[in-house]
Amino acid sequence: MRPASHAPEFRAAAQHIGRRRFLTVTGAAAALAFAVDLPGTAHAAELDARKITEDPFTLGVASGDPQPGSVLLWTRLAPRPYEPDSGLPRAKFTLRWEIAHDSRFTRIVRRGSVTAHPEFHHSVHVEADGLDNDRPYYYRFRAGSWISPTGHTRTAPARSARIGELKLAAVSCQAYHDGYFTAYQHLAQEELDVVFHLGDYLYEYAVNAVGGARNYTDRRLPAHFNRETVTLEDYRLRYGLYKSDPDLKAAHAAHAFVLTWDDHETENNYAGGVPENDVPPEEFLLRRAAAYRAYWENQPLRRPQQPQGPDMQLYRRLHFGRLAQFDILDTRQYRSDQAYGDGWKVPGPESEDPARTMTGATQERWLLDGWKSSRALWNLMPQQVTFAQRRDAPTGTYKVSMDAWDGYPASRQRLLAGAEAAGIENLMVLTGDVHVGYGLDLKKDWADPASRTVGTEIVATSISSGKDGAEKPANWDNLTQSNPHMKFYNGRRGFVTVTLGEQQARADFKTVAAVTTPGAPITTAASFVTEAGDPGLKPV
């Protein structure tokens with residue numbers, strides 16, 4: 001990895017923070033929060049948006065985190081998204097926003113203005129309130145004479161409302177260099193209430209001039225993409241590349257997204273304050289602060305998720321009437337380091353240590369308390385890595401992934417025990433990370449296939465990561481034979497939709513045959529239902 005050229009004030013703050021203090025005291029976050037460039041600290045001049053001479057809405061629009069009567073609206077001004085300053089001077093601009101009942105904006109219900117600050121790379125986050133519950137809306141932004149693409153979104157129903165159905169999609173893992181985002185083109189055409197992105201929205205790895213496996217013949221990408229992301233400028237540029245993709249823009253414009261990250265938005269397989277590679281703690285602290293800052297700038301997230309230096313509270317809870325409660329987890333920022341040096345290893349005392357945690361104590365307590373107070377029929381846990389047990393071989397000696405919940409079995413058992421104690425009957429885990437689709441039953445006793453099923457896990461395959469994939473990957477026989485609770489396994493790219501109802505939930509695994517060439521059609525590879533009060537996946 002190349003040496004990082006972080007801003008001098010970043011480096012000066014971090015040099016005073018050792019690894020032990022970083023991991024145990026919030027002083028690290030406080031120190032970096034003061035060092036990071038925030039609006040108001042530099043008193044940027046304001047320029048008239050009418051002076052912008054090129055389309056500033058190249059990255060489109062997005063909405064997210066729907067609540068009753070409220071939704072978050074996002075855009076970022078970037079006339080030239082492949083340049084470090086995105087083609088704008090270091091000045092602030094005033095944008096106007098509008099929300100309407102119709103796509104022609106003849107019935108506008110809310111409007112306002114918001115400032116795009118250079119310190120936040122001219123991104124804006126509008127918390128639009130005063131809307132009706134459980135209603136679709138159209139929205140757009142204006143900057144001078146420029147008008148953004150129109151976005152479509154939907155507010156959540158009242159928490160006490162009885163709703164008959166909720167349809168969501170789960171997506172994950174979109175390595176730009178591994179192929180086209182074709183699945184998003186199809187996702188944009190789906191009738192959905194909300195989309196959950198389960199991590200790896202961006203990859204830190206280099207993207208060459210032809211876009212890796214995309215193998216462009218009609219363009220050449222700038223050389224600064226052909227390196228690993230480390231600094232704030234690196235991460236900002238990489239979001240400019242990803243978010244300029246037309247299929248991703250179409251999906252964001254069509255649906256509200258609820259996002260959580262995994263590892264690649266920062267660095268592969270980092271664990272809390274421990275980096276993948278052996279670098280000084282202050283170096284990784286700076287990198288994490290840069291990655292978190294760029295993530296917030298480029299996603300439709302609300303104000304509580306704004307990072308403070310290298311800390312960012314991404315776990316949060318959303319309600320959709322009395323039908324569903326979503327507890328969105330962060331399994332990267334607070335976890336113990338992977339046991340046995342990471343990878344697939346034979347489980348043992350190190351991985352089975354009860355003190356190990358995937359979530360950190362505070363997030364774990366928040367989750368268990370939330371289940372105790374839940375009145376929802378379905379309790380869903382959108383998160384990152386595979387929750388169910390996955391043995392790699394049907395033999396007496398087997399290996400499991402130390403990066404997944406198998407590497408943190410005591411942490412997993414505390415959650416399952418907490419769900420049982422809270423009387424959670426319809427638990428569903430939504431997962432990404434592994435670039436395949438799984439349908440898994442969650443068992444009371446993993447060693448006994450006949451033991452009670454206590455929930456289900458739906459694993460969304462990748463949008464593009466892993467290139468084209470295969471319907472039956474090389475380890476298909478081993479995994480399906482070793483794990484009788486695995487009801488489905490498919491290695492193609494795509495997404496999964498889940499339709500929650502009062503009697504059952506239905507999962508439809510949708511795949512495309514190729515991502516290294518554009519335009520592949522979408523196919524439903526398999527469908528399953530799990531009945532309310534009787535968990536377990538049954539093929540349709």
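Contact here means heavy atoms within 4.5 Å. The model is predicted, so that local features need pLDDT of at least 70 and side-chain atom pairs count only at pLDDT 80 or more, whereas totals for chains, interfaces and linings use all residues. Residues are numbered from 1 along each chain as its sequence is written, and side-chain values use heavy atoms, with hydrogens and water left out.

View A. Not counting residues up to four places away in sequence, Met312 touches Trp261, Tyr292, Tyr295, Trp296, Leu301, Gln305, Pro307, Asp330, Gln333 and Tyr334. A nonpolar core is a set of buried Ala, Val, Leu, Ile, Met, Phe, Trp, Tyr and Cys residues joined through side-chain atoms within 4.5 Å; buried means under 20% relative accessible area, exposed over 50%, and partly exposed in between, with a 1.4 Å probe and protein chains only. The largest such core has 44 residues, of which Tyr176, Tyr184, Leu187, Tyr295 and Met312 touch the most other members. Elements giving two or more residues to this core are β9 (165–171), α4 (182–187), α5 (232–243), α6 (246–254), β11 (256–259) and α7 (281–297), where helices (H or I, at least four residues) and strands (E, at least two) are DSSP runs numbered from the N terminus. The greatest contribution, 7 residues, comes from α7. A second, separate core of 31 residues includes Val194, Met428, Leu430 and Ala507.

**View B. Helix α5 and its cover.** With 12 residues, α5 reaches 16 Å from its first C-alpha to its last, close to the 16 Å expected at 1.5 Å a residue, the expected span being 1.5 Å times one less than the number of residues. The helix is mostly covered, as 11 of its 12 residues are buried, among them Asp234, Arg236, Arg238 and Lys243. The cover over these buried residues includes β2 (70–76), α6 and α7.

**View C. Helix α8 and the elements around it.** Spanning residues 361–373, α8 reaches 19 Å from its first C-alpha to its last, close to the 18 Å expected. Its buried residues are Gln363, Glu364, Trp366, Leu367, Leu368, Gly370 and Trp371, and what covers them includes β12 (316–320), β13 (324–328), β15 (378–382), α9 (409–421) and β17 (427–431).

**View D. Ser123 in strand β5.** Ser123 lies in β5 (residues 123–128) and is buried, with a relative accessible area of 4%. Its side chain reaches the backbone oxygen of Glu297 at 3.3 Å. Not counting residues up to four places away in sequence, Ser123 touches Trp74, Thr75, Arg76, Ala116, His117 and Glu297.

Key. Polar contact = N/O pair within 3.5 Å; in protein donor to acceptor, adjacent residues only side chain to side chain.
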